[in-house]
Amino acid sequence: MDDRDILSNVPIFASLDEKSRTEVARLFTCCDYKAGEILFRQGDPAGAMYLILDGEVVMSMASRAGQEIVLATMRRGDFFGELAMLDGSPRSATANIMRHTKLLRLQSEDFTDLLGHQPKLAVAMLASIAARLRNTSALFARHAARNVNEEIDRKYSFADRVADHVAKFGGSWWFIALFGLVIAIWMVLNGAQVFFAPFDPFPYIFLNLVLNVICAVQAPIIMMSQNRQSAKDRLAADIDYQLNLKLETQLQELHLKVDELIKQSASSAPASLDGDEVLHRTQETKPN
């Protein structure tokens, strides 16, 4: 299989004719990478974009708190590394090779010429980039504050809601009062032999059977409700962790900006001021 056949199986090149694919294939360089290699790191200068022929590449970035956030998993037909060449900025993420991967590499100067001569390809790339940005936005939206009750309610079925109501009623004073009233009426009706013969005389064997059945049915219902409460507590703990991590990251960014303002304030101070006065003014601008 030649390069034209390979590119015809890639979604963004499927709209090109055979002649265009032949011209595009000449610009790419084929390269292989082993599992565990790092193609480039976050902050590295950009020199090329890549297209995956076979394998798997995970794009990740490090937060201010040092946590690695997985942005996307790239597989056959996906491309990456083009954003840094569009605006000339360093790499915004780290590319990790997860298994043996075969890539096509396109240098930055060839990338610019390619977009200028192949408008269909540019439109296909823009559509793919837009879909990737939506996925990234959804990823970071999940790290924001969420209502744990709404998250749980979306997963509840009708049977789950019935079980929760039964468990709630079984653990209330209304249930104890009603239960005691039923037992008292039962004993009075079977203890009074004035009007009719008792249907469950002492020692109330049928009553014991009814009580055992109620306990046997109620116990697993209460356990199901407790299991869902445990799942709710775990989700609440996970949401609290994500929120705390987000707040910590924002605080670290704020401290970095404040430190940068302090440095700029100190460097722009008049030369006639002595060191103590510059330090005093700097400390006044620093928040508590």
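Phe175 and Phe179 lie four residues apart in helix α8, which spans residues 173–191, and are therefore separated by about one helical turn. In this predicted model, the rings of the two residues form a stacked aromatic pair, with 5.5 Å from centre to centre and 20° between the planes. Phe179 has a relative accessibility of 28% and so counts as partly exposed, since that class covers values between the 20% limit for buried and the 50% limit for exposed residues.

Phe175 also takes part in a pair with Phe169. Here the arrangement is edge-to-face, the planes standing at 80° to each other and the ring centres 5.8 Å apart. Phe169 is partly exposed as well, its relative accessible area being 40%.

The fold as a whole comprises 10 helices and eight strands. The protein has 288 residues, of which 29% count as buried. Contacts between residues at least 6 apart in sequence were examined for their range, and 71% of these join residues at least 24 apart. The accessible surface amounts to about 18,900 Å², and carbon and sulfur atoms account for 59% of that area.

Rolling a probe the size of a water molecule over the atoms shows where empty space is left. The largest pocket has a volume of about 320 Å³. Its lining is made up of 18 residues, and those closest to the pocket centre are Leu71, Leu83, Ser92, Ala93 and Arg132. Both helices and strands contribute to this lining: strands β4 (57–62) and β5 (68–74) and helices α3 (82–87) and α5 (119–141) each supply at least two residues. The greatest contribution comes from α5, which gives four residues to the lining of the largest pocket. By residue class, the lining of this pocket consists of 12 nonpolar, three polar and three charged residues.

Conventions. Residues are numbered from 1 along each chain as its sequence is written. This is a predicted model: local features need pLDDT of at least 70, side-chain atom pairs count only at pLDDT 80 or more; totals for chains, interfaces and linings use all residues. Side-chain values use heavy atoms; hydrogens and water are left out. Buried means under 20% relative accessible area, exposed over 50%, partly exposed in between (1.4 Å probe, protein chains only). Contact means heavy atoms within 4.5 Å. Accessible areas come from the Shrake-Rupley method with a 1.4 Å probe; for residues, only the protein chains shown count as cover. On a 1 Å grid over the protein atoms alone, a cavity is a set of points where a 1.4 Å probe fits but cannot get out, and a pocket is an open set with protein on both sides within 12 Å along at least five of seven lines; lining residues have an atom within 4 Å of a point. Grid points are joined across faces, edges and corners, and a volume is the space filled by probe spheres set on the points. Ala, Val, Leu, Ile, Met, Phe, Trp, Tyr, Cys and Pro count as nonpolar, Asp, Glu, Lys and Arg as charged, and the others, Gly among them, as polar. Rings of Phe, Tyr and Trp (its six-membered ring) pair if their centres lie within 6.5 Å; planes under 30 degrees apart count as stacked, over 60 as edge-to-face and the rest as tilted.
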